[in-house]
Amino acid sequence: MQTEQTPEEKSKDDFFARLASLSEEMIAKHGKEFSMGALVLAARWIAQDRINQKQTS
């Protein structure tokens, strides 16, 4: 029996689908190394709260 997703679960699934699509596009244009590096760099910026710093500057 399947249960219906909560709005939060649906939202998260939508973001994962968008990340997958963006990753596929980056790989097609620039290769796996670029795609992985860009995603790792984005994760580091999020962890260091640098995303918010860039937006408020």
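Student: Where do lysine 12 and glutamate 8 lie, and how many residues apart are they?
Tutor: In this predicted model, both are in helix α1, which covers residues 7-30, and they sit four residues apart, about one turn of the helix. Their side chains meet in a salt bridge, with an N to O distance of 3.1 Å.

Student: How many salt bridges does the structure hold?
Tutor: There are three. Aspartate 14 pairs with lysine 10 at 2.9 Å, N to O, and these two also lie four residues apart in helix α1. Glutamate 25 and lysine 29 meet at 3.7 Å, N to O, and they are separated by about one helical turn because they are four residues apart in helix α1.

Student: Changing topic, is serine 35 buried or exposed?
Tutor: Serine 35 has a relative accessibility of 3%, so it counts as buried. Serine 35 belongs to helix α2, residues 32-47, and, leaving aside residues up to four places away in sequence, it touches Ser23, Met26 and Ile27.

Student: And which residues form the nonpolar patch on the surface?
Tutor: Phe16, Leu19 and Leu39 form that patch, and together they have about 290 Å² of accessible area. Leucine 39 is found in helix α2 and, at 35% relative accessibility, counts as partly exposed.

Note on methods: Residues numbered from 1 in each chain as written. Predicted model: local features only at pLDDT ≥ 70, side-chain atom pairs only at ≥ 80, totals over all residues. Heavy atoms only, no water. Buried < 20%, exposed > 50% of the residue type's maximum accessible area, 1.4 Å probe, protein only. Contact = heavy atoms within 4.5 Å. Patch = residues over 30% accessible without salt bridge, like charges linked within 9 Å, V, L, I, M, F, W, Y side chains within 5 Å. Areas by Shrake-Rupley, 256 points an atom, 1.4 Å probe, with all protein chains shown as cover. Salt bridge = Lys/Arg side-chain N within 4 Å of Asp/Glu carboxyl O.
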